[in-house]
Amino acid sequence: MPMRIAVGQGARATDEYLDFAAQIGASGIQFNTPDLPGEKRWELEDLVALRERVESRGLRLEAIENIPNHFYGDCMLAGPGRDEEIDNVAATIRNIGSAGIGLLGFNWMPNSVWRTGLLPEGRGGAVVSAFDLSLVEERSREGKLLVARRDRRVEDKKDSWSAGAMYELGVERTDGEMWASFEYFMRALVPVAQDAGVVLALHPDDPPVPSLGGVARIFRSVDALKRAVELSPGPGFSIELCLGTVSEMGGEEAVLEAIRYLGPRGKIAYVHLRDVKGTVPAFAECFLGEGNYRPAIVIRELRAAGFDGFILDDHTPALVGDSPYGHRGRAFALGYIQGLIEMMDLDDAPAPRHAYPDPGAGDETRLAERYPDPEPGAPPPKA
Ligand SMILES: [Mn+2]
């Protein structure tokens, strides 16, 4: 399929969510931690109902991103319930495949996504989320930390940020321990995904810092994403390329490096196209076009690297009067991305849509007559 946008990060297939996608002109929908029954796994009938609901509006269910954290918390932390969780995750993956859904995004962040501020400090006073590692390290500010609670969605808060919810797991994990648990998980479940016709797609760690709350965050560099791909080169595993997070790692250079490595290997499952100003240890989210990278260059690089999947906005600054879901900010971002894709498609077209006269040597005289050089000191010509 051609490069395209999707509306995403919602948890429920409400009329509002599906109408928004149709009105924006998206062909597809993604869900983040969809609100499905089940405390340990998801069942086939619920997944089929979700896909059919999306398709009843003429939309495609592109991907599910994230199972609830408590479905695989012991997998990430190598806890005692790990093997039982793996059996349940395997059943969930098989059900996702049987339901005709081809992509399951996931992450390796047992204590989720953190921010240190959600403040009106973006362009024109737009509310943006920001992160500053030095603030995390001040224990007196614990109550002010914001954590995206993907396991228990908080519908009335933008991007599910919960304040005062420092995600203390009461355990510490090193880089080596997190890599070992990741490899164990991959060995067990990538073959299951492959058999089920599902791609497991890994989101990098956001924020990409060495550790938070005592737990190492291993997917904090482009090299770490390369290592993950080397571990699982087959079709059951890919990267959910959050360019916002990669930009937090190292700006445009890191973003282009990730695309150039992953794209030709077919390892970009889909893209989160958002950006930040600054890189770790401190950054703030921003509108597309004012961050670390130039979105037009990135979209072109994605095309050149062979990416033909869908792109979503991930999260966006809140525009004036925005809704908790961020409809206004998202509409701006998705329109921006659609425009870039359209321009690129036009540039790629084999022949120009209109033939212009060749402004070659023979036209010079005519052009000079039409647009004579002004006399020195003469008033500007009237239109
Ligand atoms: Mn993301």
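A helix, as the term is used here, is a DSSP run of H or I with at least four residues, numbered from the N terminus. By that definition, arginine 227 belongs to helix α7, which covers residues 222-231. The model described in this briefing is predicted.

**Arginine 227**
- The relative accessible area of arginine 227 is 37%, so this residue counts as partly exposed, the class between 20% and 50%.
- Leaving aside residues up to four places away in sequence, arginine 227 touches Trp179 and Glu183.

**Helix α8**
- Helix α8 comprises residues 243-262, and its end C-alpha atoms are only 12 Å apart.
- A straight helix of 20 residues, at 1.5 Å a residue, would span 28 Å.
- Because 15 of its 20 residues are buried, α8 is largely enclosed by the rest of the structure.

**Strand β10 and its partners**
- Strand β10 consists of residues 199-203 and is mostly covered, with four of its five residues buried.
- Strand β4 (residues 103-107) runs parallel to β10, and five bridges join the two.
- Strand β13 (residues 237-242) is also parallel to β10, to which three bridges join it.
- Leucine 200 of β10 stands opposite leucine 104, and its bridge partner in β13 is phenylalanine 237.

Conventions
Residues are numbered from 1 along each chain as its sequence is written. This is a predicted model: local features need pLDDT of at least 70, side-chain atom pairs count only at pLDDT 80 or more; totals for chains, interfaces and linings use all residues. Side-chain values use heavy atoms; hydrogens and water are left out. Buried means under 20% relative accessible area, exposed over 50%, partly exposed in between (1.4 Å probe, protein chains only). Contact means heavy atoms within 4.5 Å. The expected span of a helix is 1.5 Å times one less than its number of residues. Two strands pair if DSSP finds at least two bridges between them.
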